[in-house]
Amino acid sequence: MNTTAMSPLTVTPLDFVPDLKNSTLDPLNETACENWKEIHHLVFHVANICFAVGLVIPTTLNLHMILLRGLLTIGCALFIIWATLYRCALDIMIWNSVFLVVNLLHFIYLVYKRRPIKIEKELSSLYKRMFEPLHVPPELFQRLTGQFCNIQTLKTGQAYAAEDKTSVDDRLSILLKGKMKVSYRGHFLHNIYPCAFIDSPEFRSTQMNRGEKFQVTIIADDNCKFLCWSRERLTYFLESEPFLYEIFKYLIGKDITNKLYSLNDPTLNDKASKKIDRQPSLCSQLSVMQMRNSMASTSDSEDGLQMFLRGTSSASSLRPGRTSPYLRTSAKMKPIEESVEDDVFEAPSADKLELQRLP
């Protein structure tokens with residue numbers, strides 16, 4: 001064994017005290033800032049201002065996401081300029097280039113979503129009258145009317161549906177222009193005006209049963225134009241859009257109510273139907289008042305209800321100027337008027353309060 005290659009061990013005495021005054025200590029943190037560098041260029045500060053302003057935009061602002069992405073894009077572009085021209089830092093330039101691309105793509109996508117949706121001229125009145133009051137977005141209406149439906153025409157006298165012949169499983173339509181006439185076994189029932197469903201009762205009644213036929217005949221009274229959906233494809237689309245599904249349920253139910261009301265008033269015209277559209281509860285209020293008046297004309301409420309039902313079903317066949325005997329009011333009991341019902345909700349007068357206070 002070669003002992004000459006081994007280094008001798010140094011032994012430190014126990015009473016050794018190091019000289020701390022003459023020794024030089026290395027700094028514990030070599031990155032500690034002793035002398036601050038000069039302030040960066042103005043471009044650097046403008047970029048940070050853009051970041052700060054974009055982050056403090058309130059979310060209640062309608063365009064807050066577009067403004068945020070726009071300011072972040074401007075800030076990243078200014079950082080690239082600063083890192084390239086004044087700092088000469090390749091890593092800062094690369095990272096901000098990545099951030100610039102990401103924010104720019106988001107900005108373009110958000111602006112594209114906010115683009116104005118152009119609705120076809122033939123469908124604009126339909127959207128404004130039926131769907132816009134229910135807060136249906138234009139892009140959703142465009143999807144509804146642009147994929148699986150078409151616009152069809154009928155000349156005067158042509159049939160949309162024939163009684164006991166045409167299947168109800170094929171389509172659902174809304175009249176856009178013209179007027180249609182609905183009849184049953186040659187007896188006129190009611191008219192169909194623009195911005196109304198043509199076959200809403202059949203659509204609702206056959207949702208569970210397939211293979212049924214129309215029970216009425218629908219003929220074009222004028223040159224008509226209507227929007228027609230494929231029933232099967234429309235059903236699948238509404239299942240994927242819950243909001244639009246509820247809108248259709250409401251519109252179809254409202255349309256059926258208007259058609260039932262027009263059975264009792266065959267002279268109902270387009271202006272009156274528009275008034276009913278603006279006041280959805282008008283049909284139900286009138287029906288309830290007629291039922292109450294007819295029930296008041298008899299001593300037995302059940303008999304009065306049956307008379308009301310028979311009277312409303314035959315009201316459309318009565319001649320003008322004649323009223324149904326089931327809807328006549330009796331001399332003993334006065335019919336309930338709308339003003340009488342409104343008195344219930346009026347505030348009591350001062351005279352009535354004084355009478356109530358007297359013992």
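Two strands are taken to pair if DSSP finds at least two bridges between them. On this basis the predicted model contains an open sheet of 4 strands, in the order E1-E8-E3-E6, with antiparallel pairing. The edge positions of this sheet are held by strand E1, spanning 149-154, and strand E6, spanning 196-197, each of which pairs on one side only. Helix H7, formed by residues 231-240, packs on the sheet and touches E3 and E8, its direction making about 65° with that of E8. Within the sheet, strand E3 (residues 171-177) and strand E8 (residues 224-230) run antiparallel and are joined by 6 bridges, and in this pairing Leu-172 stands opposite Trp-229 in E8. In general, the strands of a sheet pair through backbone hydrogen bonds, in either a parallel or an antiparallel manner.

A further antiparallel pairing is found between strand E4 (residues 180-184) and strand E5 (residues 187-192), which are joined by 5 bridges. Here Val-182 stands opposite His-190 in E5. The hairpin of E4 and E5 has 2 residues between the strands, and Arg-185 takes a positive phi near 55° in this hairpin. The C-alpha atom of Phe-188 is separated by 9.4 Å from that of Leu-263, although the two residues are 75 residues apart along the chain. Leu-263 has its place in helix H8, which covers residues 242-264, and is classed as partly exposed because its relative accessible area is 26%, a value that lies between the limits of 20% for buried and 50% for exposed residues.

For the protein as a whole, 13 helices and 8 strands are assigned. The accessible surface comes to about 25300 Å², and carbon and sulfur atoms account for 59% of this area. Of the 359 residues in the protein, 31% are buried. Where contacts between residues at least 6 apart in sequence are considered, 70% of them join residues that are at least 24 apart.

Key. Residues numbered from 1 in each chain as written. Predicted model: local features only at pLDDT ≥ 70, side-chain atom pairs only at ≥ 80, totals over all residues. Heavy atoms only, no water. Contact = heavy atoms within 4.5 Å. Axes fitted to C-alpha atoms, helices over the stretch in contact; angles between N-to-C directions. Buried < 20%, exposed > 50% of the residue type's maximum accessible area, 1.4 Å probe, protein only. Areas by Shrake-Rupley, 256 points an atom, 1.4 Å probe, with all protein chains shown as cover.
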